[in-house]
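Please go through the model below. Some questions and answers about its geometry follow.

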Amino acid sequence: MAQSAVDVSNNALQRVGAARITSLTDNTPEARACSAAFDATRRSALRRYPWNFAIKRAQPAPDTDTPLFDFDYQFTLPADCLRVLRPNTPNLDWKIEGGKILTNDGNTIDVRYVADIEDVAAWDAAFYEVFAAALALRLRERLTQSNAKMGPLKDEYKDAVAEARRADAFESGPDEPPEDDWLTARY
């Protein structure tokens with residue numbers, strides 16, 4: 001069964017002991033709190049870890065403008081990019097500044113990145129739990145005006161993150177870092 005933003009919001013609301021909602025546009029304190037926190041919490045939770053379901057690849061075209069100094073080429077990051085992942089290309093000379101990748105390594109570049117996946121139905125089940133726990137932490141103070149649930153909610157969040165990362169790691173396989181010239185020269 002496909003999940004929705006309302007489903008995951010209700011999951012978070014249940015964790016803090018608040019009333020359920022039928023829509024993020026309901027005129028209730030719970031719906032307003034969920035609506036206000038939903039997007040920022042999603043982007044933050046996605047950015048914190050390279051979740052397999054959120055990784056995308058791109059080969060952006062070089063911009064017509066070039067950097068003022070130090071670099072010969074610049075590429076605009078994809079609009080849904082939350083975090084660029086380390087390239088597997090050894091000795092790639094690049095830097096990220098102002099939504100651009102700056103490089104001297106040619107007019108093509110391969111980019112792996114964590115994308116902002118807005119469709120809740122496309123989320124991994126483990127990430128769904130991570131997000132619900134993160135949203136509950138954000139909503140707790142606003143809806144309960146109490147710190148009483150802070151400890152248990154933090155523990156739920158940490159457990160959800162650990163379990164999700166463990167499952168995600170098994171599905172990714174090992175990442176080999178690029179060989180370092182200094183180390184290979186020693187062999």
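Cavity, helix, rings and backbone

The largest cavity is lined by V84, L85, P87, L92, W94, I101, I109, D110, V111 and R112.

This is a predicted model: local features need pLDDT of at least 70, side-chain atom pairs count only at pLDDT 80 or more, and totals for chains, interfaces and linings use all residues. Residues are numbered from 1 along each chain as its sequence is written, and side-chain values use heavy atoms, with hydrogens and water left out.

Q: How much space lies in the largest cavity?
A: A cavity is a set of points on a 1 Å grid over the protein atoms alone where a 1.4 Å probe fits but cannot get out; lining residues have an atom within 4 Å of a point. The structure holds 1 cavity of 30 Å³ or more. Its lining divides into 8 nonpolar, no polar and 2 charged residues. The space in the largest cavity is about 60 Å³.

Q: Which residue with a positive phi follows α1?
A: In α1, V8 and L13 are among the buried residues (under 20% relative accessible area; exposed is over 50%, partly exposed in between, with a 1.4 Å probe and protein chains only). Phi is near 80 degrees at the residue that follows α1, G17.

Q: What kind of aromatic pair do W51 and F127 form?
A: Rings of Phe, Tyr and Trp (its six-membered ring) pair if their centres lie within 6.5 Å; planes under 30 degrees apart count as stacked, over 60 as edge-to-face and the rest as tilted. The structure holds 7 aromatic pairs. With ring centres 5.3 Å apart and planes at 65 degrees, the pair of W51 and F127 is edge-to-face.

Q: How many residues apart in sequence are the parts that W51 and F127 tie together?
A: Both W51 and F127 are buried. W51 lies in the loop between α2 (29-47) and β1 (55-58), and F127 in helix α3 (residues 125-144), so the parts they tie together are separated in sequence by 76 residues.

Q: Is D70 buried or exposed?
A: D70 sits in the loop between β1 and β2 (73-76). Its phi is positive, about 75 degrees, although D70 is not a glycine. Most residues other than glycine have a negative phi. With a relative accessible area of 59%, D70 is exposed.

How values were computed. On a 1 Å grid over the protein atoms alone, a cavity is a set of points where a 1.4 Å probe fits but cannot get out, and a pocket is an open set with protein on both sides within 12 Å along at least five of seven lines; lining residues have an atom within 4 Å of a point. Grid points are joined across faces, edges and corners, and a volume is the space filled by probe spheres set on the points. Ala, Val, Leu, Ile, Met, Phe, Trp, Tyr, Cys and Pro count as nonpolar, Asp, Glu, Lys and Arg as charged, and the others, Gly among them, as polar. Helices (H or I, at least four residues) and strands (E, at least two) are DSSP runs, numbered from the N terminus.
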